[in-house]
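Please read it alongside the sequence and coordinates.

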Amino acid sequence: TLHRVERVETDPKKLTDQLMVDYDGDDSPGAAVQVWRDGRTVYSKAYGMANLAYGIPFEVDTRTNIGSTSKQFTAFAIMLQADRGLLSLDDDIREHIPELPDFGPTVTIRNLLNHTSGYREVYNLMPLTGYQGEDALRRDHVIEIVRRQPELQAPPNTEFNYNNTGFILLATTIERVSGMTFPEYMKERVFGPLGMVDTRVKAYQGEIIPGSAQGYVPVESGGVRSTRDLAASYGAGGIYTTVEDLTRWMLNYRDATLGGEEAINAITAKPILADGDTSSYGLGLGIGEMRGRTLYSHTGGDVAHRAYLSYYPELQSGVILMSNHGSFDLGLGGRIASVFFEDRFETE
């Protein structure tokens with residue numbers, strides 16, 4: 001057995017199959033994996049099931065909810081509006097959503113993008129009212145929640161607090177500035193130009209997304225149950241896409257065909273906080289390092305769906321994982337990168 005495991009680990013594709021075994025079966029929610037190296041796809045495979053009730057396998061072209069991995073798309077949409085002179089990252093958010101309260105210090109669009117706004121997390125506050133994650137949630141209710149906040153959690157740009165509230169408000173900002181709905185704007189201005197034909201924003205609870213994976217979460221008695229998605233989350237989440245379209249998206253960080261170098265540089269820069277420290281979260285995107293290489297990454301989790309997206313700009317290489325299993329292990333992303341790019345990383 002030891003000899004067999006050692007042999008498998010020398011082959012990245014066989015090791016990936018081994019790592020994905022828990023999600024590969026006709027009785028399990030599934031997943032898709034895509035790896036590209038030097039800008040070229042070297043591995044693309046799906047496992048398990050997209051829909052257990054109807055016996056539909058998970059395929060590499062199955063659309064799946066990528067949750068918070070959507071935030072970088074919202075950041076790009078903001079940058080495109082800024083490039084057209086319709087807003088500035090340093091605008092007070094109340095210029096665009098004037099019904100938000102004045103808490104004293106200015107909360108800017110940039111603060112919302114890098115999670116330093118001081119607004120409280122909507123998905124932490126909602127359960128206090130009896131709200132469940134799968135319940136419908138009106139977007140104007142999110143604004144009302146901010147209005148009821150007695151004060152900022154912290155002064156703007158003083159501390160990083162991961163925050164969905166801000167990104168929901170950013171989507172509303174895009175709608176008001178562009179005169180389009182957020183799903184329409186993303187389709188026309190972001191997905192379309194990059195050829196992401198299988199990508200769309202889910203606009204409301206219960207909307208039918210053709211060719212999409214049903215989400216599942218484990219139950220205590222064994223097995224899984226089906227779920228709905230978080231409602232009204234677009235801007236913070238809500239994008240359905242495929243591993244192939246996400247590869248097109250990540251290669252835009254190299255090619256800058258959408259937004260240009262200025263937008264890419266802004267999104268991937270580490271913010272400097274008021275005390276001089278830097279944050280490891282740019283605009284809608286995590287900015288870090290793995291074994292001596294720069295790493296752009298984000299994970300996503302809706303009620304059930306899970307996603308992992310990573311790009312190593314110095315290697316022009318990356319890994320994408322998408323799953324409809326609520327217990328999917330997103331830590332597999334780094335392990336798969338380690339085996340596919342072992343020769344390109346610094347030794348530990």
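Buried means under 20% relative accessible area, exposed over 50%, and partly exposed in between, with a 1.4 Å probe and protein chains only. The model is predicted: local features need pLDDT of at least 70, side-chain atom pairs count only at pLDDT 80 or more, and totals for chains, interfaces and linings use all residues. Residues are numbered from 1 along each chain as its sequence is written, and side-chain values use heavy atoms, with hydrogens and water left out.

**Aromatic pairs**

- The structure holds 18 aromatic pairs, where rings of Phe, Tyr and Trp (its six-membered ring) pair if their centres lie within 6.5 Å, and planes under 30 degrees apart count as stacked, over 60 as edge-to-face and the rest as tilted.
- Phe73 and Phe191 form an edge-to-face pair, because their ring centres are 5.9 Å apart and their planes stand at 70 degrees.
- This pair links distant parts of the chain, 118 residues apart: Phe73 is in helix 3 (residues 71-83) and Phe191 in helix 8 (residues 182-191); helices are DSSP runs of H or I with at least four residues, strands runs of E with at least two, both numbered from the N terminus.
- Phe73 is buried at 0% relative accessibility, and Phe191 is buried at 1%.
- Tyr296 and Tyr311 make a tilted pair, 6.2 Å centre to centre with 50 degrees between the planes.
- Tyr296 belongs to strand 11 (residues 293-301) and Tyr311 to strand 12 (residues 306-312), so the pair ties together parts 15 residues apart in sequence.

**Arg225**

- Arg225 is found in strand 8 (residues 224-227) and is partly exposed, with a relative accessible area of 38%.
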